[in-house]
Amino acid sequence: MYSRHSWFGLLWRHLLIWLGIAYALFPAIWVLSASFNPTNTLVGQKLIPARLTLEHYRTLFSDPTAPFPTWLANTVKVAGVTAVITVLLCALGAYAFSRFRFRGRRSGLLMLLLVQMFPQMLAMVAIYLLLLELGKYFPWLGLNTHLGLIFVYLGGAMGFNTWFMKGYFDTIPRSLEESAMVDGATPFQAFWRIILPLARPILAVILIIQFITSYGEYILASILLKGVDRYTLAVGLRFFIQEAYNRRWGTFAAASIMGAIVIVLIFLPLQRLIISGLTRGAVKE
Amino acid sequence: MIWTALLSTGLKIVLLGILDAISVWAAVSLGTSGSYSFLAGLVIGVIIINYLALSTKAYPFRYLFPGLVFLGAMVVYPIGYTVYISLTNLQTGNFLTKAQVIAQLDGRYYLPPDYESFRFWAYRNDQGALRVILIAGDGRAFISEGDRLKSVDLDEPQFERSPGGIVERFDGYRRISGPELYQNLSLLERLNLQYGDYTVRLANLNEFRSYRKQYQYFPGEDKLVDIQTGKVYYSKEGYFTAEDGTRIEPGFRVNIGLRNFISVLTSPTIRKDFTRVFTWTILWSLFTVLFSFAVGLGFAMLLNDPYIRARFLYRSLLIIPYTMPAFISALVWAGMFNTDLGVINRILGNLFGLKINWLNDPFWAKVTLIFINVWLTYPYMMIVSLGALQSIPVELFEAARVDGARGWQQFWKITMPLLLVSVAPLLIGSFAFTFNNFTIIWLVTAGRPAVLGAATPAGATDILISWTYRLAFEGAQGNQLGLASAVSIIIFIIIAAISAVNFRFTKALEEVSQGV
Amino acid sequence: MRKFFVVLLGLVLLAGVFAVPQQVKLVIWADDTRAPVVREVGADFQAKTGIAVEVVEIAFADLRGQFITAAPTGQGPDILIGAHDWTGELAANGLLEPFDPTLGGKAGDFNPVGLEGFSYGGNLYGMPYGTENIALLYNKDLVPTPPKTWCELLEIARALTDPAAGRYGYIVQNPDPYHWFPMLSAAGGYIFGKNPDGSLNYCDIGLANEGAIYGATVFDKMIEEGLLPAGVNWDTMTGLWTSGNAGMVISGPWLLGMTRTAGINYGVAPIPDMCCCICACVYDLPCPPIPPIPQIPPIPPIWPPKPFAGVQGFMVSAFSANKTLAFDFLLNYVATKDTMLALYRRDPRPPAYLPALNDPEVQGNPNIAAFGEQAQLAIPMPNIPQMGSVWSAWSDAQDLIANQQAEPAVALQEAVAKIKEALGCPLP
């Protein structure tokens with residue numbers, strides 16, 4: 001796929017990438033600027049504010065009414081558990097769709113795609129009522145529980161991810177499992193021991209995508225979680241800008257930056273998993 | 001081999017047995033506590049599990065079942081709920097259920113001009129029953145008995161009185177005060193003590209007052225009678241309505257069949273704006289997906305290249321738009337695109353003397369929106385493409401190279417078709433998501449600029465879903481959730497039809513992968 | 001896999017403990033500004049009564065929606081802190097419990113505008129604690145003396161505005177009818193007329209009468225002249241103002257905190273009067289007629305702008321199981337000078353509770369006095385649910401005018417027609 005580039009080939013590639021990075025970072029730098037600006041404005045007139053302050057970052061770690069570290073921990077917990085379970089559930093489903101031929105397979109795939117497209121304008125009310133009922137019998141799964149929130153996220157994550165993974169499984173040659181099954185492995189063992197390790201890149205991709213999606217989800221979390229100590233980051237953040245005319249953009253920006261850093265840190269090791277797929281053989285240096 | 005098979009079958013049966021036993025116990029306790037919906041869910045769930053575990057024909061569904069449970073609860077159930085709401089008149093003013101409204105009206109009392117107020121002492125016996133003794137302004141004493149109020153002479157011997165004259169005990173009842181009284185206030189406020197035509201109720205911490213009941217509900221005829229005036233109200237279209245058309249607030253939700261759908265589909269004003277909004281919605285989704293995929297895939301290809309140094313750093317920098325809350329970045333972009341004050345026009349003005357009316361001109365507002373949304377979406381496409389690229393066997397490229405295919409040819413003949421096998425459904429999904437992406441539109445332009453002559457509140461950048469929002473929540477007297485649900489179902493039908501057409505291509509893609 | 005199911009289901013069932021009866025407690029939903037004060041009062045209440053008060057912090061923007069979802073299920077709060085313009089929707093939905101109209105004998109201690117704000121359908125649904133309205137804020141370094149008339153404002157704006165340097169003499173958020181209303185109301189524009197019984201008549205809409213069109217035309221001409229940038233939202237407005245690049249803004253007390261942090265040398269003054277004869281010289285506009293029954297008789301040809309009055313207060317849920325406790329808490333623990341002053345200190349806006357408003361601590365605050373002067377003219381923002389359609393069509397009209405796509409009269413008349421159609425009013 002790739003071969004060694006001439007110096008010119010390298011040059012334009014790096015230039016293109018740096019152009020992209022400029023595009024990616026341009027607004028982010030304004031957010032960074034807002035996080036150091038004591039006036040709490042979002043769109044400053046100058047990139048470098050007249051006075052710089054670390055006040056907003058200090059607030060994040062010292063304001064007991066807005067326990068940012070707790071929010072961060074809650075979010076990593078919720079998003080992490082959701083992401084891991086999603087990957088497992090999707091892999092199971094995708095394996096069935098990819099390897100078995102059964103009645104209702106095509107229509108099942110179509111349905112999986114379609115149900116995700118429903119405009120979820122009223123979903124939050126429905127989900128609220130569902131968790132309310134559940135909570136009457138299983139308090140640890142009801143409103144205002146992280147487990148309840150995780151369940152909700154799991155439901156929303158299935159469709160497209162299963163599809164995506166199924167497509168990837170389709171490209172893994174069947175001969176590998178078939179030889180394993182000749183040796184006496186059950187289909188589940190073949191799935192667990194052979195398909196999953198080969199599909200590592202896609203597992204990592206779905207892990208990170210699902211992690212980020214749950215990490216930033218606001219609407220459902222805000223309606224299900226009550227009480228500052230239970231909040232996830234997205235819900236907690238809104239606290240700083242809740243009043244139409246008294247928005248603490250500086251603190252919000254600082255928290256956004258911290259949140260983004262956490263994701264980038266998590267993404268760093270996962271990158272290696274994503275790249276560790278079948279193409280590894282391609283690298284001949 | 002045989003032994004392990006036997007063992008696994010045996011284990012299966014034992015586990016199923018345990019599961020079924022627990023389920024029966026749970027079913028009984030759910031049944032006795034009267035929660036039949038959960039009982040039904042449990043029974044269906046257990047039957048499915050048994051079937052899946054025992055039937056070999058259902059083998060593939062064993063893999064699907066766990067995911068489907070969550071999908072059913074969190075996605076399919078809300079869809080069902082939306083369908084249900086779309087058949088009702090749920091809106092501001094018709095919000096509660098009829099039972100809730102009847103309970104509220106039936107419990108409505110008013111204070112007549114000749115009302116009397118009473119001091120009170122509250123009492124409790126060992127069984128937890130509550131009674132009160134009321135003292136009128138002129139010293140007459142009353143005692144509660146069930147839901148009646150009776151005159152009483154406190155000098156009778158069963159009343160043990162303190163030196164101050166307060167009755168402390170009687171008939172096993174003991175006076176409560178202080179915190180204990182506070183703990184029982186919510187029970188006291190539920191007392192409706194009948195005394196002649198009056199209902200004596202707790203007015204505040206210190207007194208009971210003689211109220212009169214305002215309405216009486218007659219379930220048989222489904223009517224509400226104003227006791228004071230004798231006016232009769234019948235339940236009609238979600239309100240208790242009198243002959244002369246006066247209504248009692250609050251109203252309640254009622255089933256109105258397909259009326260929401262009919263009013264949307266036949267409204268001349270909605271039809272007038274539909275084509276314009278629909279066209280823009282399609283363009284918005286299409287361009288967002290196309291451009292963000294192009295940008296994302298481009299970066300993925302560059303960053304999958306082992307000869308590019310520092311690609312780990314690059315990748316981390318390039319996903320930054322994805323890691324920031326869209327809430328803040330969309331608003332920052334909107335600020336930067338401000339015509340008079342934004343940094344973008346300032347740069348363009350300094351370099352080229354340009355001043356573009358970014359967010360106030362219908363065309364440029366659309367361009368800006370797509371530009372911002374591409375920024376928000378491309379990292380997702382990049383990660384996805386990065387993963388999908390790993391599925392392409394290297395041997396294919398080597399074979400292609402032998403055949404003389406290079407560069408772009410390789411890309412279109414090998415990379416793209418194989419990539420699309422796994423990515424195409426995500427593109428369809430992304431299309432649908434963008435189609436319904438209310439947040440970005442709302443944050444950046446809120447549907448503006450406004451359009452002169454629009455029949456409904458439909459701005460130049462309103463997409464179907466934001467238009468629905470404005471129709472349902474700003475278009476009339478408060479929120480019309482029933483109508484909003486009906487419109488979201490119609491939107492769903494549209495997007496589902498588009499996707500189902502696209503879906504046919506995935507069959508072709510499946511065959512591509514079979515050939516590998 | 002099967003094992004997983006069995007374990008899961010077993011856990012689900014075993015943990016299905018049925019709820020245990022709980023101690024009585026009062027639950028209050030408040031945003032983070034009010035929560036600490038209410039929490040302190042709650043501690044006092046608990047010490048005296050033994051009833052715990054649980055204050056749940058919810059973002060102000062989410063409070064109303066979450067209350068609507070939660071209240072009918074019994075999961076809502078007993079007490080809710082919110083704005084008066086929620087009253088109509090919440091009461092029409094049957095979610096609010098009316099107050100005793102005498103407020104336990106304390107009604108006379110409250111600002112009547114505040115009580116009117118929380119009244120709907122003849123009932124009082126809230127206990128007000130603070131009022132708010134907009135006025136003119138000016139940067140003393142750029143504008144030494146505030147303008148008295150709109151004409152002076154235009155002159156100052158012409159002298160100061162320099163778009164190339166990013167400096168403006170006068171800015172205001174737009175499209176944002178809330179901040180636009182003073183211009184329209186000055187010469188006689190209004191939202192809803194009144195029925196003989198004093199309730200609002202939502203089919204009598206005064207947003208396209210001659211007075212409103214006059215104000216809108218002045219706005220239009222200012223944009224055309226380049227004196228007023230179009231598309232200024234809160235964030236761009238504060239950006240200009242706090243960087244010292246705006247001479248005057250129309251805004252509320254909520255801008256003051258940020259203004260002080262930015263070190264702006266500011267003053268607060270009433271919004272300048274519209275004065276038709278002088279402005280007519282400036283923009284050549286014909287003078288609008290004197291409104292037939294003006295709420296505050298103007299001395300022609302001077303038209304004082306009338307901003308909206310907003311009220312914040314406490315409401316009680318119709319689904320509360322502890323209404324007596326809730327009312328007791330509000331009337332005897334919150335409606336006290338100490339609590340009202342504590343709320344004022346936390347968020348300085350004029351208290352609606354008169355003993356607190358008249359306290360030297362509040363009276364000594366020059367900003368409160370200045371905003372209070374403007375408040376004399378303020379009109380309570382309508383609290384009926386029909387306002388939803390007004391905001392939408394009205395801001396579209398302002399947007400069309402600001403973008404120079406429609407003449408003020410055309411845009412406003414179209415807006416009124418749209419509102420009337422949405423509300424099912426007879427069209428002419």
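How many salt bridges are counted between chain C and chain A? The count is one salt bridge, the term standing for a side-chain nitrogen of Lys or Arg within 4 Å of a carboxyl oxygen of Asp or Glu. C:D32 forms it with A:R248, and the closest N and O atoms are 3.7 Å apart.

Keep in mind that this is a predicted model, where local features need pLDDT of at least 70, side-chain atom pairs count only at pLDDT 80 or more, and totals for chains, interfaces and linings use all residues. Residues are numbered from 1 along each chain as its sequence is written, chains are lettered from A in the order in which they are written, and side-chain values use heavy atoms, leaving out hydrogens and water.

Back to that interface: 41 residues of chain C are in contact with 38 residues of chain A (heavy atoms within 4.5 Å). Between them, the two chains bury about 3,100 Å², 60% of it on carbon and sulfur atoms; this is the accessible area (1.4 Å probe) lost on being put together, summed over both parts. On the chain C side, C:E57, C:T69 and C:D235 lose the most area to chain A, together 17% of what that side buries.

Now look at chains A and B. Helices here are DSSP runs of H or I, at least four residues, and axes are lines fitted to C-alpha atoms over the stretch in contact, with angles from 0 to 180 degrees between N-to-C directions. Residues meeting here include A:W163 and A:F164 from α6(A), and B:P425 and B:L426 from α14(B).

Conventions
Helices (H or I, at least four residues) and strands (E, at least two) are DSSP runs, numbered from the N terminus.
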